[in-house]
Amino acid sequence: MSAIILGIESSCDDTSAAVIKDDVILSNVVANQDVHKAYGGVVPELASRAHQQNIIPVVEKAIKDAGVSRNDINAVAFTRGPGLMGSLLVGTSFAKGFALANNLPLIEVNHLHAHVMAHFIKENEHDTNQPSFPFLCLLVSGGNSQIIVVRDQLHMEIIGQTIDDAAGEAFDKCAKIIGLPYPGGPLIDKMAREGNAEAFKFNKPKIKDYNYSFSGLKTSVLYFLRDELKKNPEFIEENKADICASLQKTIIDILMDKVIKAAKDTGIKQVALAGGVSANSGLRDRLTQLAQEKGWKTFIPKFSYTTDNAAMIAINGYYKYLKQDFVGQEVAPFARTEF
């Protein structure tokens, strides 16, 4: 069943719209919000206001860039959650209005499912670099750290997840402790390339099964720097690259140790990354290294599909469209979900 899907993403601070024809991307437009940098994190009220300003021009540009008209669109897919409620309300309300005005079916999409589904976006009809089922996916972002067994496009099972903070949150909060501006994760990645990853040791949690914990790591970094600064007030400035490299290695070790265990226990040899932290060069390099050591086939998303984007919403919407899995105008967003 051939279909053109309009995808809309507004779960946090990026307003995005995309158009996909079957599983081939036609356009993917993202409007970022720089206003949050001054506050050291996303301010929900400011985010929802910016979404209101961005949503119409972003959708119009996505349709224009795709070379289609409104009459060509078969359905509207939108992020229902999880995310910031004010931000989700803007995207959900627009999607409902657009669908109603153009007599189109509505498709709700789980934001976390969509990150995994980014691996099925094709750049062209000849693109065949998609994982086969089942595969393991390490989903790592500012709000989530999960190991997922993906059985098909719409059937996913979480076998491990964080019991407190996510890996992306650990990157950003530790960056703040070090004195780096928000968002700190990409800056740690950049500085880590110049540092010695073995310079300092930070605590690794001992958590059962495939679950994660990053709250103890943040405390470990905080106390380590507090003690070192007492001895040398210039310690952070003099050792910033080594601190970043050591911190990044610790987080990647924590993440990948559980993935190695999951792959061994399940016998699954295909492993994928997803989510904003999958843009981290150290994590990508480690997965590539493990692929050679373990005989895995690995899948790493394009940088443009790692952060929040509507292309992943549209591809998830396409597979739901094939099942005629639609929702009514009464649908409401949700801020939190188990999956």
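A residue is counted as buried when its relative accessible area is under 20%, and because aspartate 189 has a relative accessibility of 5%, this residue falls within the buried class. The model examined here is a predicted one. Aspartate 189 lies in helix H5, which spans residues 185–192, and, when neighbours within four places in sequence are left aside, aspartate 189 is in contact with Gln248, Ala279, Asn280, Ser281 and Gly282. According to UniProt, in an unreviewed entry, the feature "binding site" includes Asp189 and Asn280, and the positions listed there also include Leu139, Ser141 and Asp172.

Serine 141, another position that the UniProt record places in this feature, is located in the loop between strand S6 (135–140) and strand S7 (145–152). Serine 141 has a relative accessible area of 10% and is therefore buried. Apart from neighbours within four places in sequence, serine 141 is in contact with Ala166, Ala167, Gly168 and Glu169, and also with Gly276 and Val277.

Strand S9 comprises residues 270–274 and is mostly covered, five of its five residues being buried. In a regular strand, the side chains alternate between the two faces of the sheet. In S9, Gln270, Ala272 and Ala274 point one way, whereas Val271 and Leu273 point the other way, and all of these residues are buried. Strand S9 also pairs in the parallel sense with strand S10 (residues 297–299), over three bridges, and glutamine 270 stands opposite lysine 297 of S10. Together with helix H8, which covers residues 281–294, strands S9 and S10 make a right-handed β-α-β unit.

Within this part of the chain, tryptophan 296 is placed in the loop between H8 and S10. Tryptophan 296 has a relative accessible area of 9%, and so this residue is buried. When residues up to four places away in sequence are not counted, tryptophan 296 touches Met256, Val259, Ile260 and Ala263, as well as Lys269, Val271, Leu287, Leu290 and Ala291. Although tryptophan 296 and glycine 317 are 21 residues apart along the chain, their C-alpha atoms are separated by 29 Å.

A further buried serine occurs at position 11, where the relative accessibility is 3%, and serine 11 is found in the loop between strand S1 (4–9) and strand S2 (15–21). The side chains of serine 11 and glutamate 9 are joined by a polar contact of 2.6 Å. Beyond residues up to four places away in sequence, serine 11 touches Thr79, Pro82, Gly83, Leu84, Ser87 and Leu88, together with His111 and Asp308.

The cysteines were also considered, and a search of the whole structure finds zero disulfides. Cysteine 137 is in no disulfide, the nearest cysteine sulfur being that of cysteine 12, at 19 Å, while a disulfide would need the two sulfur atoms to be within 2.5 Å. Cysteine 174 is likewise in no disulfide, and in this case the nearest cysteine sulfur, which belongs to cysteine 244, is 9.8 Å away.

Note on methods
Residues numbered from 1 in each chain as written. Predicted model: local features only at pLDDT ≥ 70, side-chain atom pairs only at ≥ 80, totals over all residues. Heavy atoms only, no water. UniProt positions renumbered as here; feature names shortened; annotations may be inferred. Helix = DSSP H or I, 4+ residues; strand = E, 2+ residues; numbered from the N terminus. Buried < 20%, exposed > 50% of the residue type's maximum accessible area, 1.4 Å probe, protein only. Contact = heavy atoms within 4.5 Å. Polar contact = N/O pair within 3.5 Å; in protein donor to acceptor, adjacent residues only side chain to side chain. Pairing = 2+ DSSP bridges. Right-handed = clockwise from strand over helix to strand, strands pointing away.
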